[in-house]
Every structure is written in C-alpha cells, then in structure tokens.
Amino acid sequence: MNFEFRQRKIKPSIIALSICIGLVLGTVFVLLGGYNVLEVYSYLIRGSLGSVSALSSTIRWTTAFLLCGIASGIAFKGGMFNMGTEGQLYMGAISATLVGIYCKGLPAIAHIPLCMLAGMVAGAIWASIPALLRVYWNTSEIVVTLMMNYIAINFTSFLVKEYFLTTGVFGDSLTTDELAATARFPVFGGSPISFGFILGTLLIIAYILFFTKSKRGFEIKVSGVNPDFAKFSGISVNKVRISVMLMSGMVAGLAGAAEIMGVQGRFLSGFSPDFGTSGMLVALLGNSSGIGIYISAIFMGILKAGSLTLERSAGVSRALAVVIQALIICFVSVKTLKVFDFKKKEGSGKE
Amino acid sequence: MTKLAVDMQQITVRFGKVIANNEVDFQAEWGEVHGLVGENGAGKTTLMRVLYGMYTHHEGTMLINGEKVAFSSPKDAISKGIGMVHQHFSLVPSMTVAENVVIGRPPYKKGLIDLKKSEQIVAQLSAEYGLEIDPKMRVSDLTVGLQQRVEILKALYLGAEILIMDEPTAVLTPQEIKQLMETLRSLKEKGKCIILITHKLAEVRMVTDRITVMRAGVVTARVNTADTDEKKIAMMMVGREVILEVDKQPFHPGETVLSLKNISCFDRMGLPAVRDVSFDVHRGEVVGIAGVQGNGQSELADAVAGLLPLSHGEVFLNGKLMSGGNVPLLCRENGMGHIHDDRIHVGSAADLSIRDNFLAAMYRSDAVKKGPFLDYSKANEIVEENVKKYKVKIGKITDEISSLSGGNMQKLIIAREMYMQPRLLIASQPTRGVDIGATEFIYQQIIHHRDQGNAVLLISNELSEILALSDRILVIYKGSIIGELDRAQATEDKIGLLMAGIRPET
Amino acid sequence: MITASIIAPILRVMTPILLCALGGVYSERSGTGNITYEGSMLVGTFTGVVGSYFTGSALVGVLCAVAGGVLVNLFYGMLRIKMGGDNVVCGFAVNSFSIGVTTYLLRTIFHTNGTLSDSRIQGLYKLRIPVLKDIPIIKYFVTNQTLLVYFALLMVFVTAIILKRTKFGFAIRACGENPMAAATVGVNVNRTRWICLVITGMLCGLGGAQMALGNLTQFSEDMVGGRGFIALAAVILSKATPLGVLCTALLFGFAEAYANLLQLTSISSYLILMIPYAAVILILVLQPERLKELKRRIGMRRKLPQV
C-alpha cells in the first residue's frame, strides 16, 4: 500500500455537502451531550461575530489558521502531505522569540522583519529534512514530518528549560522572557484587524497570483496532480518537492513567529493548540486554492472563537469545534455519499 | 446433438449510458475452441465477464450445459465449472505457484492449509496437462508465459470445464504462443470448451473451430473457421475494408537527429530491460521498432526520453549528449516530442484540464510568456486553435482531460507533442486503444511530420502499423536489437522470425 | 546503565505499539491504506477508561476499549470503502476527529479538562506468580505485567499463521496485492477489508486498554501521543509482517523504556522524550532495502547487464 498523496480536484458541491454533514453530525454531538442546540449555536455566533472583542478573537484565530493553511496548501499543491507544520511552527516560533529577545536596540522597522525572517528560516530548515529524505531516500514524508513534530515540541521545551527560562512562574508552561517591544507587531488602536491578519491576507494574494499566473506555480500544480506526467513534461519533480516543502516550512515558521510576535509576546512551551492540524484542515477544506483557504480559515476562526466563548459561558467543551472541523474533512475527499447501495451496480470483480 | 456448453441469450449490459453488449446471443459447444473476436472495445470481455459472474447487472438468460443459471459472483460461475484466464493476471505476486493455484479451495490438514499437499496437487495437475512448472517458485519470479500457465492451472484446479481465455497471447513470444496453442488443443481433446477472446487473426486461424465476431456491442457474424479467411474476419470486425496505407514522399534521410550509443537500462522492478542498444534516427525517416510486447520497448522509449536512468551508454540528440539532472527537460529543449505508451498515467494528468494538459509540454515557450508570468489567455487561444486543427472533439478546454474518449485524448496528446515542431518524435504505441478513424488520422500526422524533414521513432506492437509507416525497421528481442531491415526488404515472415529471437543464417 | 530490569518496562511500553501494529498488519495487508491507528487507540483509551469507571470492572473496560477502536475503524471503512475517500485525507481527518471527540466527551461526561484520574477506574489485573517472581531474569517477564502483554506476543504468532496458513489469510494477501485475484476466486474484497478493519480496531482498542488501564489508570487528552503513528511506522518498516512488527515494536519499546530510565538521571527529560520519535526516523532511514537500493544505484553505473 502506498501512502502517496496526490492533489485531487474536489467539486464545490461536495465541499458544501461536507460542511452540511459536519454541522449536522456536530449537532448530533451537541444533542448527545444534552445541551440546548439553539443556545450552543447562538453562543458560537455571538462569541465570534457578536461584538468587537468577539470579532478580534475571530481574527486572532483566523490569522493563525490562515498562515498554517497557506503552509499546508503549498505542500499539498506539490503533492507533499506535510504533516509537520506544527513542528515547523514551533521551530519558527522559538527562533523568532530568541531574535526578538536578544537582538536589542534595533528599530521596529528592522527588528520585526528580522524576527519574521528568523522564523521562516528555522521553519524551512526543519522542513528540509523530510523533504530531502523523501526525494533522495524515498522515505515517506508523512511519517517523518509527524515524528519531527514531537521532536520539535520537546526540543523547544528543552531549549527553553535549559537555557532561556524566564524568572518567575507562569502557570504550567515553560516560558522565556518577553520580546523586546520593537519585535512586537504594531496594533491598530481598537480595531479588530491585526497586523498578522493583514500579513496573511497579503500572503494569500501572493499565493493566488503564484499558482494561477506563474510558471513555477504551474509546475507545482502539475507535479502535485501527477508526478509521472510532470517528469514526462520535463518538470523536475524532485525540485518541486523540495521547494514546496521549503516554502511550506517557511510559512509555517512565519505562522509561529506571528503567533509569538502578535499574540503571546513570549515563547511558551506547548503554546499551540495544534495549529498545524488546523492548518491542514483549512487547506483540505479549501482544496488548496487561495480563495478556498481564505474562506475556510475565516470559517474555522469563527468556529474556534465561538467555541471558546461557548466553553466559558455554557460549559460545552471547545473541542466541539475540532469535532465539527474533522467531520467536515472526513467527507471532502469522498467520491459518493451513497453509503447504502441497494442496487448493486458493479460486479465484485471491479475493485 | 449434445447439450451446448454455453448458451447465452439476449444479453444486454449497460455501463451508465453506454451499452457494452446489446442483445447478444452466444453459443459454444463442448470439445471446441471457440474464438470470440472483435476490435478493442467491441464488448467481448464484457460478455465473458457476464459469463464468469463478474458483472451481474445484465439482462438476458444464460444456460450452462443446458441448465439455466444466474450468477451473483464468480464463485457461482466457478462452481458451474467455468474458469477464466484474465488479460491482466489475477495472481498474488508474493505467493508461490502452489499457493496461487489452490487459493480458491485449499487442502487442509488439522484446520490449516496444507502447503505440502498443495504442491503435490500442482505437480500432479501440471503433469496431467503437460504444463510444466515448479510449484515452489514465487509468482513474482516467473516470466509472463509461466504466470499464464499458473492461471490456467488455477482454473483447472477449480474444476474448469469451460475455460475463457482473455487475449492470452498479447504478452507472449511466438514460441510461447505456439505452446499455448498446443495446450488449448489438448484441453479441447479432453472435451473441454475453450473460449478464446482475441483480435489477432492469425491465432483465430490457427486454433479455433468456430468463431463469433462482435462489433460495437453486437454480434456481427458466426462462422466455422474453415469456411472463412483472415480478410473476411477483418471485414466483419471493422465493418468495412481496412486500407491503412499511407501516401508518403520518397525516402530521403538527412542528417542524424537521434543517436543511441550502447544504451542499457533497468525496468522499474530493477531487472535489465534494455541491453546495449545502438542506432541512429535521421531527418526525414520513420524508424520502426517491432517486437512482441514486453521485450523492452516501453523502457527503450523511456530511456531515450530520459524517464528511466541509463545504466550504461549515451543518448545524443542533435549531436548533444543528453545527461545531467533533468534529462526529460533537456530532451524537450533539444526538440523532442514524445507520445507515451501509457497515456493515462504518464502522458496526461487526468485531474488537470485539457488546457493545462496541453500547456504542460509548451508552457516554457515564448509564445505564452508574459514577463515573469504565463499568458493564459494566449494559451487558451493556442489550445483552441490546435484542438480545431487536430479535430479533437471536446466540450470546453477547461474540462478535465479524463472527459475525453481514448481516441480524442490521443489526438490531443499528438497535437500537444507536435506543437513545438519536434525534430524528433517518439511515437510509442500511438494508436493503442484508438478506433480506426482516429488511427488513420494519426498515421497521416506521423507521415506528414516525417515528410517535413523530421525524425520519427515509432514503437509498436502492431506489425501492420510498423509496416505501414516505417522506412527502416529494427526488431527488439529481450531488450536487444536483434535485426535491422529496410522497408523494401521487410516482410511479415522475416520480421516475425526476428521477433521470435531467431536471426537469419547469414 | 542497562540492566536486565529494563525488560519489564520494555514489555509494558512495547505492548500498546505491538498490539496496534499487529492490527495494522491486517489493514495493511488487505490494502485499506489505513492510517487511523492513532485515533483508534486514543478512542480505545477513552472508552476503556469510561467503561471501567462506570462499571468498576476492568474487563468491561477492555471490552469498551475494543468497541471504541472498532467504531473508529468502521467509520473509516465507511469513508474509504463505501464512499471512496482518499486514504490519507480520511485517515488524517478521522485521527483529528478522535482527538476532538474524546476531549469533548471528557468534558461533557466528567466536566473536566485535561486528565481524568479517579479511584473508580479499575486497572487491569497484573500477574504476580509466587515462585516465578523470585527467579532472576524470568521474573521481569512474568511479574507485574498485564495479560495483554502475553496476548500481544501470542497474537504475533497467531497472525503469522493466519496469513500463511489459512484461507482467510490468503484472501487478505490477495486483496492487498491483487484485488482482481481475490475477486476472481470468489473472495469478496470489500467484505474481507471490512473484517480486517474490525480486527485492526479491536487490536488498537486493546492497545489503548493497555495504555490507559495497564500502564496507567487514567485518561488524558491526546494520551496516545503519537504511539499510533509509531505503530504505523512499524507496519511500514516491517512490510506488514508479524515478526517484523514484533522486532520494530521491541526497538521502539526499548527506546521508550530507555528514555524513561534516563529521565531519572540528570539529562533533560525533554531531550529524552525525543528518543522514540528520533528512533522511528532513524530506523526508517536505515532500512536494509534502502541500503540495498543505494548499492544497486551505485553499482548500476559500473556494470553492464549481461545478455
């Protein structure tokens, strides 16, 4: 059996149907939990869109999902199932943090890009390992990236605990010092729009342009759909695979950096509520298209912000959002929704 | 008269809107080899899969040995003594010969499968029917001919009295074909009914007693083999006289375009596939590579195009050595077009649109360049234009290529490969699975390309195709070029001998 | 540093991976492309703990764990076999779903986040055989181990025999390697795959039971922590052979047990926790056939194949 991943075309109708099924099944879970469905959904909406603070919460989560979604989307487009965005994000976050803390005395205009760059480089380096192993050693990138997530999480914790631990106590997490003020993203007064969100939006525009207009984007698209055909057409599939993994790692690292610089202000061990997985869900739901990723990131941001309010106010686990998201993705790749096929159409000879 | 072995009446099979079999009647008797002939896609295999219980959604009735039957799976068919040897073998590669033979009904000892007994059974069976084989061999280590033997043994072990053979000779060498024909005859003498699905007329003549001809889902004729000849059968298959002769300008080869120097390569399983092959292809000539399928033709084409790494030797295109990191690109940049024999998996990307599939071979050209970007509107124009020029029937150019029929897809692929005016065109099985009309069109395109002073390397399993198009013919056998003939001196007999690995005595 | 006493923890931590990977052998050999072991195990740990918590019976807990694992696989089977979904995408989604649903239900049923540890959760019976527990070396094998440890070891051989010597095993191999071959001798390919998925679910569930009721008696969010993926790696590495799976599971068990041992020393625990995961990558890279392939590639340039 192969665990090769190929980018496939998904019909918009299937995506719409999947969302419906996910919401319906999610509702079933709400009912199973004995909660009032209307109440749950009204909290979900109010907690995400009902006020300025709810909106900024939504945008805060959308930003992270968007960046991670782009990271996953790039890799998927090139036919690499990068499950390691979480690890790349951690590596990016720690690098950006260290640059943010220890490169003092720079003006913000230089310090911010420097931190972002540090995050991107670290993410790319972390992603290069599974990429190179896949291309030159034919090792499944899925398993390697997965394992490297656990390694990255432990490794960053190790670094913080042994070398960069702050003084004082901060809950259960291991924590570094705070970033220099010059390394923090600027804030726009009371507006819910954040710097990170603008960054993500610009990246999405670049993403769309890259894949719909450029030669490189075309090469990646072809390789992701059918590597044999790509090779036949003179496209270097190896080069594509390495480049998409590097780009993917870069964006994932940037996502980590943005999370630290925009939200946390310092590195905390285990700070990510599995952004990597959420990013993959976003990319899968958006079928790796730029607009799709943008919309599904906002959708997931709404779910996430709403579910947090839901947990605070109604005591319903925030994991409800994960349940709904995962259920939706369960159905996006299916070919038929007919589970009970009473009329047998094909003989058993057809596999 | 004894009961008919098989009597199928008014069988109709539909796949969606397509009618694969339309009210087909088919009868075969005990003790005969019955040929079921027709072109690709005529519905032969579908009909036999109905008989074997693989398709169950048909209309009509079936009688086996006079008894009315309705199968819901191959299991039912097997229990009625029907066996089928498929075109693509249904063997489990990691299992031994014995295990594969007994898989349907293994012998037990203490609740577990008795492997020793299985081996004995297979040895016994193979002795009884003269099908020599080592029961302990792993199937993945066997040659194609031997694998087929395992298939036949498997069917016999399950008690097959009616044996369906689906295109059994496509993968065999002439000697293996001869042996197979012997086997079929001896099975016939034991009173079994053998149904031979084929589109090769020579075999039909050689071994069958009667034939049923199918075309486009219906039966067009039932005749005794003795009362007919190959030409008549061909006419019944195609529905009209087949003249695949192409007008071409006289043969004036120019300078060398492609030059192979002692190339060797392995196939994807790591076995030697091409061995020490050297030849040149010049401007204005079609060089045909003839051979029985599976003698290294696909690998040769892939090796020339840089898709398989060479283990030895060099390929020169327009005098330039093709080597380095991305050989396929280098080849294309130096004027190579390639009609790949696996157009579904390698020659196209099913999930991409017609436009993108076309673009894949020419997106680097200046015609579609707009600064750092691709000029998609220009690309659309070009694709539209070529679709018209090559008479490809499509919906929109943004439809997926998988929406096209085989012939149309192939025409589109040819349009794409011709667009860059390649100095060298590799045409590997250019008309496989393509209907006669499209075949004629493709022949014209290839000859036209040659007449314009380009080189063509044609690789085909169809001898008639090689003879119709080539100026020079090379015969490949077990990965080596075993002989070379000018078109003028080439006859089917001479080529046939070479294809069998027999060199003329001179 | 390493003494015979490490045998006991190796057996303990190896067992969940081994059970899960053995389950994976069935899925893999029958060609389902299943990668949901992580999710199956996680749901197994949860349902196992829930069962044990409410009934006070470890046996019921184990049965619930099995049921949980099976449910996850049936869900995957519906997506993959019935609806024709992509194995990687569906498998990934099912794993995410498992994390979400266990966390959600933990909060819904027990009104707690993070970890559920309660005296009402009945752990598995652990062997204490009077005489054997005093014999050196042997005692590590037979003292303080759950019965699941031996069941897992037994299943290695049972699985090997099923695959090699039973009709069902033949059917599994045929479905995985050449579904056509299976279909043409009357094997129902999909039914075989369904059965294999159920077996996978059962064994993954048992693996979960070993984790949550054997090695620990608690449930915590994402407590499987990638062991299901390690099992997947073990299946890939061993080409889904039972004995190969045993060897790789032993290796990982050793890495994890050794890591736990090192935690008692001054070396940072976080570094040590990386060991099992790094071991997976290392072993994946050092597969013998990869090395052979490399040799072949180097050799190819030199030798001309003989006619």
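Let's start inside chain A: between its domain 1 and domain 2 the count is 1 salt bridge. By that I mean a side-chain nitrogen of Lys or Arg within 4 Å of a carboxyl oxygen of Asp or Glu. E311(A) and R318(A) form a salt bridge through their side chains, at 3.4 Å from N to O.

Some ground rules. This is a predicted model, where local features need pLDDT of at least 70, side-chain atom pairs count only at pLDDT 80 or more, and totals for chains, interfaces and linings use all residues. Residues are numbered from 1 along each chain as its sequence is written, chains are lettered from A and ligands numbered from 1 in the order in which they are written, and side-chain values use heavy atoms, with hydrogens and water left out.

Back to chain A. Domain 1 covers 11-35 + 316-337, and domain 2 covers 62-314; the bounds come from an automatic or database domain assignment. Their C-alpha centres are separated by 25 Å. In contact, meaning heavy atoms within 4.5 Å, are 13 residues of domain 1 of chain A and 12 of domain 2 of chain A. The two domains bury about 1300 Å², with 72% from carbon and sulfur atoms. Buried area is the accessible area (1.4 Å probe) that two parts lose on being put together, summed over both. On the domain 1 side, V316(A), R318(A) and Q325(A) lose the most area to domain 2 of chain A, together 46% of what that side buries.

Next, chain C against chain A. Here 58 residues of chain C are in contact with 61 residues of chain A. The buried area is about 5100 Å², 75% of it on carbon and sulfur atoms. M83(C), F92(C) and Y104(C) lose the most on the chain C side, together 15% of what that side buries.

What is the salt bridge count between chain C and chain A? The count is 1. R107(C) forms a salt bridge with E311(A), with the closest N and O atoms 3.9 Å apart. E311(A) is also in the salt bridge with R318(A).

Now chain C as a whole. Chain C has 14 helices and 2 strands; these are DSSP runs, H or I of at least four residues for helices and E of at least two for strands, numbered from the N terminus. Its radius of gyration is 20 Å, close to the 19 Å that the globule rule gives for 307 residues, so chain C is as compact as a globular protein of that length. The radius is taken over C-alpha atoms, and the rule is 2.2 Å times the number of residues to the power 0.38.
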